[in-house]
Every structure is written in C-alpha cells, then in structure tokens.
Amino acid sequence: MKRVFRLASILIITLMFVGCFNTVEPLKHTLIVSIQGEGFVDPTPGTYQFDKETLINISATASDDWVFSHWIGPVADTTANETTVLVEQETSVIAVFAQNSLTIQTGPGGLITRRIDGSRPASRSEKDIQYITIHAMSDALENPTNPYNMNRIRYIFDQYKVEAHYVIDRRGTVYQFVDDRFVARHAGVGRWNNDPKLTNNMNRFSIGIELLGIGADHEMLPVIGAANNLVSDIDRGFTDEQYQSIGMLVDQLMDRYQIPKHNILGHDDYDPERKWDPGVLFDWSRLE
Ligand SMILES: [Zn+2]
C-alpha cells in the first residue's frame with residue numbers, strides 16, 4: 001500500500017513538472033477575423049493561432065455594390081483597407097463593409113428652377129452631358145469658424161450668381177440643387193483640351209459637383225484674405241465620407257451618361273489662372 005502511494009506521489013510530481021515545462025513553451029495568441037456586410041478579408045474569416053506579438057498583414061476587399069468602410073479592432077490604421085494587426089492575447093478584428101448605395105437629397109431651398117433675378121437655368125439634352133467638373137466651396141469668407149453650414153449654400157449661390165448640380169457636405173451627404181438636364185453656372189470662364197466648344201462654355205457640357213472644403217493656406221489667402229487666419233486646420237481638405245460619396249456619385253454619373261474617365265476634371269484644370277479648387281488637398285487617386 002505504501003509503495004503504491006509512493007508511486008502515485010512520483011507520478012503526480014512528474015505531471016506537475018511536465019505542467020511547469022509546458023508554461024515555458026512559446027505562448028500562442030489568438031486572432032479572430034470576421035466580417036460585417038459583404039466582402040472578403042485576407043486572412044479569411046476564422047480563428048488563428050500565432051506566436052505572441054506577431055504582426056499580421058490584413059486586407060479587405062468589398063463585394064460588388066459594397067465599399068470597405070473601416071476596421072473594428074486594434075489594427076494600425078482603421079480606415080485603410082490594407083493594414084497590420086499586432087496579435088496579443090485574444091485579438092478580434094472585424095472588417096466592416098457598407099452598402100454602396102447613394103442617397104441624394106434635395107438641397108435646402110429646393111431645386112433651383114428659377115433664380116432670385118427671375119432667370120431660369122437653360123435646359124439641355126442628355127447627350128450634352130459629357131464632363132464632370134469638381135469644385136470646392138465654403139462659407140469661410142463670412143464665417144471662417146463655421147464654414148460648412150448647408151443652409152448658407154443657397155445664399156452663397158445667389159450672392160455670386162452661381163450654382164452647382166450637387167453639393168457634398170462634410171459628412172458625405174449629397175444634395176442636389178440643379179437637375180442634370182439643366183445647365184448650372186459653376187465652371188465659368190476657361191478652356192479645356194483645345195476643344196473650342198468648351199471654351200467659356202463648359203457649363204453646357206458638364207455636371208458641377210461642389211465639395212464643402214477649404215484649400216491649403218496659400219490657395220485660400222488670395223481668395224478670403226484675413227479670414228484665412230481664422231480657419232481651423234481641421235476644416236481644410238476633404239473628409240473620408242466625402243471621398244466615399246463623390247466616388248459613388250461620379251461612378252453613377254459616368255454610368256448614366258457614358259462619361260469617360262478623362263472627362264472628369266477640376267475647376268482648377270479648366271481655369272488654372274483664376275481658380276484654386278478643388279486644389280492641392282484633393283486626392284484624385286481616391287476617385288479611382
Ligand atoms: Zn469652382
């Protein structure tokens with residue numbers, strides 16, 4: 001009986017040592033990858049074991065009619081579709097995709113069919129719609145510390161005798177002010193691509209999209225003068241939501257009117273001597 005007891009004790013002590021040695025083995029940490037919405041991730045959704053503090057490349061690709069929105073979890077850059085994650089303990093990463101459906105609201109004050117001077121935007125045929133001109137505007141001249149009030153847009157249009165078909169606010173909401181089938185006054189004087197029909201006449205052939213945005217310091221100083229010093233840096237440039245919306249809007253317009261990619265230009269391309277917008281802070285690569 002004593003002998004059995006001694007053997008059992010040795011066995012238990014041995015097992016304890018094996019247990020101790022086990023804890024010295026490299027620890028595996030868990031990475032859980034999952035998806036919200038419709039898309040693909042690499043690595044594919046599932047649970048993975050990695051040595052502790054392994055840096056993993058992770059990427060997300062949206063399905064058709066969906067867009068990558070952001071990551072939930074401790075990735076290096078939550079808005080980049082390709083980024084890295086450091087696997088520590090139990091790390092969970094979710095790729096969030098949003099449905100690529102654009103809702104367009106009517107701009108405050110309603111669609112412009114008659115201007116304050118009584119004139120009406122000229123109508124045009126659908127085959128005249130061949131270009132897209134991208135602009136930026138704000139209320140920084142009069143309200144440099146609150147430059148993005150949508151309710152001021154109609155007033156600014158009236159004051160400067162201009163208007164655009166679409167205005168995209170800082171949250172990416174798209175407002176329509178002029179129907180595509182009417183000519184809006186947004187591009188003004190300029191020329192493009194040695195095409196005489198476009199000289200000082202881009203409005204007839206193009207859709208104007210205004211992003212609410214303020215350019216770089218050197219672009220704005222000649223335009224808004226002293227007010228430029230009161231503009232907060234966070235109000236310069238454009239938001240991720242605006243890039244997402246303008247991408248969808250441009251896609252939709254290109255499809256609807258068969259507009260080729262090389263017919264999408266900035267106001268500063270059309271009239272480089274006088275116009276700064278959308279300016280150096282607009283990242284054209286994000287329209288791809
Ligand atoms: Zn412009």
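The model is predicted.

**The cores**

The largest nonpolar core has 34 residues. A164, Y166, V167, I168, M202, I209 and L211 touch the most other members. Several elements each supply at least two residues of this core, among them the helices α2 (153-160), α3 (202-205) and α5 (240-257). The strands β10 (166-168), β11 (174-176) and β12 (206-212) also each give at least two. β9 (131-137) gives the most, with 5 residues.

A164 shows what such a member touches. Leaving aside neighbours within four places in sequence, A164 is in contact with H135, F177, V178, A184, H186, G208, I209 and E210.

Another core lies apart from the largest one. The table sets the two side by side.

| Core | Residues in core | Members include |
|---|---|---|
| Largest nonpolar core | 34 residues | A164, Y166, V167, I168 |
| Another core | 13 residues | I58, A60, W71, V75 |

**A loop residue: E53**

Where does E53 lie? E53 sits in the loop between β3 (46-51) and β4 (54-62). Is E53 buried or exposed? E53 is exposed, because 11 other C-beta atoms lie within 10 Å, and exposed means 12 or fewer.

Not counting residues up to four places away in sequence, E53 touches L86, V87 and E88. K28 is 25 residues from E53 in sequence. In space, E53 and K28 are 9.3 Å apart, C-alpha to C-alpha.

Technical notes: Residues numbered from 1 in each chain as written. Predicted model: local features only at pLDDT ≥ 70, side-chain atom pairs only at ≥ 80, totals over all residues. Core = buried A, V, L, I, M, F, W, Y, C linked by C-beta atoms within 7 Å. Buried ≥ 20, exposed ≤ 12 C-beta atoms within 10 Å, placed from the backbone. Helix = DSSP H or I, 4+ residues; strand = E, 2+ residues; numbered from the N terminus. Contact = placed C-beta atoms within 7 Å.
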